[in-house]
Amino acid sequence: MRQHHTLFGMHCSLYTAKARSYLRKQGIPFEEHSVSSKEYQAAILPTVQRMIMPVIKTAQGDIVQDSADIIRHCEAHATVKYPAVPESAVLAAISHLFELFGGEGLLRPAMHYRWNFDELNLNYLRSEFRCLAPAGTSEADWPQLFDFASGRMRKAAKSFGVSDESGPVIESAYDEFLQLFEAHLATFPYLLGGRPTLGDYALMGPLYAHLYRDPKPGLLMRQKAPRVARWVERMNTAEENRVDYETASDTLVPDNDLPDTLLALMRFVAVDFLPEMLAHINFANQWLASKPDLQSGTNGLGDPTRRFIGAAEFSWRGISLKTSVIPYRFYLLHYLQDGYAQATDTEQQAIDGVFKACGLSALLSTRTTRRVARKDHLEIWE
Ligand SMILES: N[C@@H](CCC(=O)N[C@@H](CS)C(=O)NCC(=O)O)C(=O)O
């Protein structure tokens, strides 16, 4: 039996960055392999049913796809350094909020800064994507394959709302986010204080894979938000680095006295991401209403591996955006809403107070009429 987990992914993959950071920070030994490796192609792909990363094969032989499921699996089965979900119901709710926002809400700046600055980024990306090529691909064949792979990603960027019109708005929103996170990190090494939690791992996806590593946004991050760049580096090491926070301990912030800098980040989520989530829930509910016979245990589409059910339009920072509706987002939202439902009355009041003060109350109660679950590595409606 292997002594360690295998992580299948690639350097520039957003969700692989989330899983990798989690495994490192929790002290779980692993080796990383490419999705073009023989093992992924022969054993993993047929199991997970679509070309997707990250996937882990655990030392015990379990195969788990999906960054959120990988974290839940390891929390349940591995010896971890810190619980990823804080014990406090208020902090757990904030962690779930940032798991959703980190992985899904920062996709727009991540894709914009990766695919709209070819002069600076393209040579790097050509090399980054090279590990996707099947073994034996010649140098002469690679440019054409890269154009195909990057063409798919450019199309995906559009479906997340990246366009000529939205570009400048995305940049100013991301600038605001960087300033807010930079201000928070002046006092705290992590989102919720002295140790990483679920929200940090999810933020690591876009902030490391695209926005720290790609040349254009990487320079921007170092120049405008050097502490954020150091947080990214800290999130990728197993050992604690206290150079910037000599007095720091691993305790979390008090849930009855949340720092203003954290509340400011939550208010940012309310402006930046809430309108999109509400529009997507509304779209999904109309879509579900139009499919009364949708069979439970399926995604309701002809192709069970498809991830989008359509596109919803909404106002965002003074412009109109139309973005793909992804049921997976509702799956993450269930964690927030289920945690809230399971909390005591007193805890619920405390969560209500914080979410209301940040303009996020709607996220606690607005839901899809059917739940999304994951079965055999795919998203399905219950
Ligand atoms: N919800 C999934 C999302 C995984 C995902 O979208 N991964 C991207 C790379 S970052 C992927 O595999 N894309 C492959 C493709 O679209 O062909 C997770 O959290 O693991």
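Predicted model: local features only at pLDDT ≥ 70, side-chain atom pairs only at ≥ 80, totals over all residues.

Colleague: Overview first. How many helices and strands are in the protein?

Modeller: The protein has 16 helices and eight strands.

Colleague: And what box do the C-alpha atoms fill?

Modeller: Roughly 60 × 55 × 50 Å, taken along the principal axes.

Colleague: What radius of gyration does the protein have, and what would a compact globule have?

Modeller: The protein has 20 Å. A compact globule with 382 residues would be near 21 Å, so the value agrees.

Colleague: On to the ligand. Which residues are around the ligand?

Modeller: Ser13, Leu14 and Tyr15, then Met51, Ile52, Met53 and Pro54. Asp66, Ser67, Ala68 and Tyr328 are also around the ligand.

Colleague: Which helices each supply at least two residues of that shell?

Modeller: Helix 1 (14-25) and helix 3 (67-77).

Colleague: How does the shell split by class?

Modeller: Eight nonpolar, two polar and one charged.

Colleague: Pro54 is in that shell. Where is the place of Pro54 in the chain?

Modeller: In the loop between helix 2 (38-48) and strand 3 (55-57).

Colleague: Is the peptide bond from Met53 to Pro54 cis or trans?

Modeller: That bond is cis, with omega near 5°. Most peptide bonds are trans. Met53 and Pro54 both belong to the ligand shell.

Colleague: Other backbone detail: is phi of Arg317 positive or negative?

Modeller: Phi of Arg317 is positive, near 50°. Most residues other than glycine have a negative phi.

Colleague: Where does Arg317 lie?

Modeller: In the loop between strand 5 (310-316) and strand 6 (319-325).

Colleague: Now helix packing. At what angle do helix 8 and helix 12 pack?

Modeller: About 160°, with the axes 8 Å apart. Helix 8 covers residues 167-185 and helix 12 covers residues 260-272. The two are therefore roughly antiparallel. Their crossing is left-handed.

Colleague: Which residues make the contact?

Modeller: Helix 8 gives Ala173, Glu176, Phe177, Leu180, Phe181, Ala183 and His184. Helix 12 gives Thr261, Leu262, Ala264, Leu265, Phe268 and Asp272. By class, the contact of helix 8 with helix 12 has nine nonpolar, two polar and two charged residues.

Colleague: Next pair. How do the axes of helix 4 and helix 15 cross, and what distance do they come within?

Modeller: Helix 4 (residues 89-105) and helix 15 (residues 345-357) cross at roughly 45°, and their axes come within 9 Å. That makes helix 4 oblique to helix 15. The crossing is right-handed.

Colleague: Which residues meet there?

Modeller: Ala89, Val90 and Ala93 in helix 4 meet Glu347, Ala350, Ile351 and Val354 in helix 15. The contact of helix 4 with helix 15 has six nonpolar residues, no polar ones and one charged.

Colleague: One more pair. How do helix 5 and helix 7 pack?

Modeller: Helix 5 (residues 107-115) packs on helix 7 (residues 142-159) at about 140°, axes 9 Å apart.

Terms used
Residues numbered from 1 in each chain as written. Axes fitted to C-alpha atoms, helices over the stretch in contact; angles between N-to-C directions. Helix = DSSP H or I, 4+ residues; strand = E, 2+ residues; numbered from the N terminus. Parallel < 35°, antiparallel > 145°, perpendicular 65-115°, else oblique. Left-handed = near helix turned anticlockwise from the far one by under 90°. Contact = placed C-beta atoms within 7 Å. Nonpolar A, V, L, I, M, F, W, Y, C, P; charged D, E, K, R; others polar. Near = placed C-beta within 6 Å. Rg over C-alpha atoms; globule rule 2.2 N^0.38 Å.
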